[in-house]
Amino acid sequence: MIFRLLTLLLFASFVFSCTYKKLPKQTLKQFQYKKEYRFSGDSLHVEIINPLHCPLRVWIQSTDTLQQRILSEKNPVLLPPLCDTSFVFSGFENTDAAIRFAARLGDPAQEINPVALELPFPRRRWYKIIQGNNSKPTHRSDWSRFAIDFALAEKDTICAATDGYVVGVIDGYKFGGPDAKWRPFGNFITLFDPISGYYTQYVHLCHEGSLVKVGDRVEKGMPIALSGKTGQTDVEHLHFNCLIPVNTSDGMKSTPVEFIEGYRGEALKRNMVVRKL
């Protein structure tokens with residue numbers, strides 16, 4: 001009896017150790033950009049380089065209150081695609097202050113020209129909708145209100161919904177979970193279409209599931225990734241979202257879409273099936 005109990009305990013411990021997933025210690029960034037600064041006398045010299053094929057908004061921040069007031073008059077700095085800029089700020093006597101940078105994709109002033117998108121998977125495939133627009137549990141915020149979840153299986157092929165450029169890639173995470181604490185740890189790709197102004201995101205990719213890199217030019221229908229279940233989910237699927245830049249803390253908001261195949265995003269509901277011919 002004692003032997004059987006010990007065996008069960010050991011088995012339970014083994015299962016727990018195999019299934020328990022710790023949150024990643026490091027938060028990955030979808031893109032990198034060059035930002036440098038130096039103090040000279042009472043001046044702060046800043047250089048920023050945007051390597052992306054889309055506009056980039058950058059906020060310069062200081063731990064010194066007076067310096068922050070000066071910087072706030074300039075923030076955010078807007079860099080066009082593939083451009084660099086430099087600034088000199090005076091009145092920065094406190095050289096012990098820490099200077100930090102934060103960035104958001106896109107220019108809220110850019111005109112949006114709505115276009116029909118392709119369904120984000122290969123031709124002659126069909127998938128069920130597992131969550132539609134403005135629905136529980138996760139599509140109720142401005143960031144994800146018009147997102148659509150397609151029931152792609154693990155490592156199914158994801159295709160670009162628009163022409164454009166890759167401006168963000170994260171594919172280093174391995175796990176996911178249903179709790180909101182997993183939200184920052186999903187793998188995804190961000191594409192920018194300079195014609196429409198749309199930013200499309202393809203979320204919950206498998207580990208190392210990106211088939212493209214930042215800077216790549218893509219065409220709609222082109223395979224770009226493999227689906228998975230990283231981030232805030234315990235079900236493999238593709239979370240597809242179309243975003244436009246706005247002046248909010250998130251920097252972007254979800255926008256309604258229509259598909260070339262004849263589907264209107266806002267009409268797609270849970271358990272409906274969509275086909276790409």
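Predicted model: local features only at pLDDT ≥ 70, side-chain atom pairs only at ≥ 80, totals over all residues.

Visitor: Which strand pairs with β4, and in what sense?

Guide: The partner is β3, residues 56–62, and the two strands run antiparallel, joined over three bridges.

Visitor: To what sheet do these strands belong, and what is its strand order?

Guide: A sheet is read by listing its strands in the order in which they lie side by side. Here the order is β4-β3-β6, in an open sheet of three strands with antiparallel pairing. The edges are formed by β4 (77–79) and β6 (99–105), each of which pairs on one side only. From one strand to the next, the twist averages 25°.

Visitor: Which helix packs on this sheet, and which strands does it touch?

Guide: Helix α2, residues 65–72, packs there and touches β3 and β6. The direction of α2 makes about 160° with that of β3.

Visitor: How should I read the interior? Which residues of the largest nonpolar core touch the most other members?

Guide: A nonpolar core is a set of buried nonpolar residues joined through their side chains. The largest one here has 30 residues, and those touching the most other members are F150, I189, Y202, I224 and F259. Several strands each supply at least two residues of this core, among them β7 (125–131), β10 (164–170) and β13 (199–210). The strand that gives the most is β17, with four residues.

Visitor: Leaving aside neighbours within four places in sequence, what is F150 in contact with?

Guide: With that exclusion, the contacts of F150 include L119, P120, F121, I129, L238, F240, F259 and V274. K128 and H237 are also in contact with F150.

Visitor: What other core lies apart from the largest one?

Guide: There is another core of 25 residues, including I48, V167, Y199 and M252.

Visitor: And the protein as a whole: how many helices and strands does it have?

Guide: It comes to two helices and 19 strands. Of its 277 residues, 43% count as buried. Among contacts with a separation of 6 or more, 71% join residues 24 or more positions apart.

Visitor: What are the overall dimensions of the protein, and what is its accessible surface?

Guide: Along the principal axes, the C-alpha atoms fill a box of roughly 75 × 60 × 30 Å. The accessible surface is about 15000 Å², and 53% of that belongs to carbon and sulfur atoms.

Technical notes: Residues numbered from 1 in each chain as written. Heavy atoms only, no water. Pairing = 2+ DSSP bridges. Axes fitted to C-alpha atoms, helices over the stretch in contact; angles between N-to-C directions. Contact = heavy atoms within 4.5 Å. Core = buried A, V, L, I, M, F, W, Y, C linked by side-chain atoms within 4.5 Å. Buried < 20%, exposed > 50% of the residue type's maximum accessible area, 1.4 Å probe, protein only. Areas by Shrake-Rupley, 256 points an atom, 1.4 Å probe, with all protein chains shown as cover.
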